[in-house]
Amino acid sequence: MSRARRLRAARLLALPAAVLLALAPSAAHAYPGPGRVTGDIVVHDPAMLRTPSGQYLLYSTGDGLQLRTSTDRVHFSRHSSAFPTRPAWWRTYNGTSDVWAPDISHHGGRYLMYYAVSSFGSNTSAIGLATSTTGLPGSWTDHGPVYTSTSASDYNAIDPHLFVDGDGKWWLSFGSWWTGIKMIRINPGTGKQHATDTARRSLASRPTGTKAVEAPSLVKRGGYYYLFASYDTCCAGTSSTYRIKVGRATRVTGPYYDRNGVSMLNNGGTPVLESHGRYIGPGGQSVMADVDGDLLVYHYYDGQDNGTPKLGVNLLNWSSGWPVAY
C-alpha cells in the first residue's frame with residue numbers, strides 16, 4: 001500500500017461516526033472508485049485471500065476457475081486454473097459450460113474452495129467442493145457435489161460462500177433469483193452438509209418485482225452478522241445493473257435488516273456500491289480481512305473499455321455500524 005493510501009485510510013479511520021454517516025453515498029457520483037490494481041485484472045466473481053506467506057490468491061469464474069496472484073495487492077499475474085482437467089460429474093449440471101463463483105478460505109491447515117456448477121438461467125445446479133494444502137493449481141482434490149437443485153426447486157444451488165462462526169459452527173450461504181438467498185449448516189470434518197441439521201434457511205429474497213438477488217457473503221463485525229449480496233442484473237457489459245447491498249442481524253441465520261429496518265426477506269438492503277462513472281454494475285463480491293482492514297473485492301464492467309469485467313478492490317470502514325467503501 002502506498003504512503004498516500006495509508007494516510008488516507010488513517011484519516012478516514014479517525015473520523016467520528018457522524019462524519020462517516022455523512023460520507024455514506026446518497027447518489028451514484030458519491031461512490032469511490034476502486035483502488036489501484038494492475039496486470040491481469042480481467043476477472044468475474046473474484047474471491048481473494050492472503051496466505052501465511054503474504055501472497056494473495058485470487059480465483060475467479062472461467063477456464064476451470066482462474067488463478068491470479070499478487071505480492072502487493074496491486075499487481076496481479078495470471079497463472080493456471082484450479083481445474084485444468086474438468087471433473088466428469090460437472091456435465092450432469094452444465095453440459096460443456098464452465099463453472100463459476102469460487103469461494104476460497106483456509107481452515108484447519110487446508111484450503112477449501114466451494115464453486116457453482118450450472119448453466120446461465122438454469123436452476124439445475126450444484127455446489128462443488130475442492131480442497132488443497134497449498135491453494136495452487138494442480139493441488140486441488142475435488143470432493144464432488146455438496147448441495148444441488150433441480151428445475152422443480154424453488155431455489156438455486158449456486159454462488160456459495162462459507163462462513164465459520166466464533167462458536168465453531170460452519171454455514172454455507174448460496175443462491176440467486178427464484179426465492180433468494182439460502183443457508184445450510186456444514187460439517188467441518190467433511191465440508192459437506194451437516195447430517196443432523198439439514199434445514200435450508202432463507203436469508204434474503206425479493207417477493208415482489210424482480211427476483212434478482214444473488215452472490216451472498218457474510219462477515220461478523222461488532223456483534224452483528226452482515227450479509228452482502230448482489231442485486232439486479234449481471235453479465236450484460238455496460239447494460240449491467242448489478243449493485244452491492246447489505247443487511248445485518250444478531251444471529252447468523254437471520255433475520256437480516258437494512259439500515260431502514262426493512263427485512264432482506266422483503267426487498268430490503270442498504271446500498272454499499274452501485275454504478276458510477278465508468279464503473280458499471282459492481283457485484284459478485286466477497287469480503288476479506290487484511291492487515292490494513294476489511295476489503296470489498298468485486299468485479300465491475302468498464303464503461304471505458306467496452307464493458308470488460310475488471311477487478312475492483314476497496315477498503316471498508318465500519319465506524320458507523322455499517323460498511324462504507326472508500
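I count two rings of Phe, Tyr or Trp (its six-membered ring) as a pair if their centres lie within 6.5 Å; planes under 30 degrees apart are stacked, over 60 edge-to-face, and the rest tilted.

**Ground rules.** I am working on a predicted model, where local features need pLDDT of at least 70 and side-chain atom pairs pLDDT 80 or more, while totals for chains, interfaces and linings use all residues. Residues are numbered from 1 along each chain as its sequence is written, and side-chain values use heavy atoms, without hydrogens and water.

**Aromatic rings.** I found that Phe-83, Trp-89, Trp-90, Tyr-93 and Tyr-115 form one cluster. I counted 15 aromatic pairs by the rule above. I looked up Tyr-226 and Trp-322, which are edge-to-face, with 6.0 Å between centres and 85° between planes. Tyr-226 lies in strand E15 (residues 224–231) and Trp-322 in the loop between strands E20 (308–317) and E21 (324–325), so the pair ties together parts 96 residues apart in sequence. Strands here are DSSP runs (E, at least two residues), numbered from the N terminus. I noted both Tyr-226 and Trp-322 as buried (under 20% relative accessible area, with exposed over 50% and partly exposed in between; 1.4 Å probe, protein chains only).

**Charges over rings.** I checked for NZ of Lys or CZ of Arg within 6 Å of a ring centre and within 35 degrees of the ring normal. Lys-245 lies over the face of Tyr-231, 5.0 Å from the ring centre. The charged end of Arg-248 sits over the ring of Tyr-224, at 3.8 Å from its centre.

**A sheet.** I traced an open, mixed sheet of 5 strands in the order E1-E5-E4-E3-E2, where strands pair if DSSP finds at least two bridges between them.

Terms used. Helices (H or I, at least four residues) and strands (E, at least two) are DSSP runs, numbered from the N terminus.
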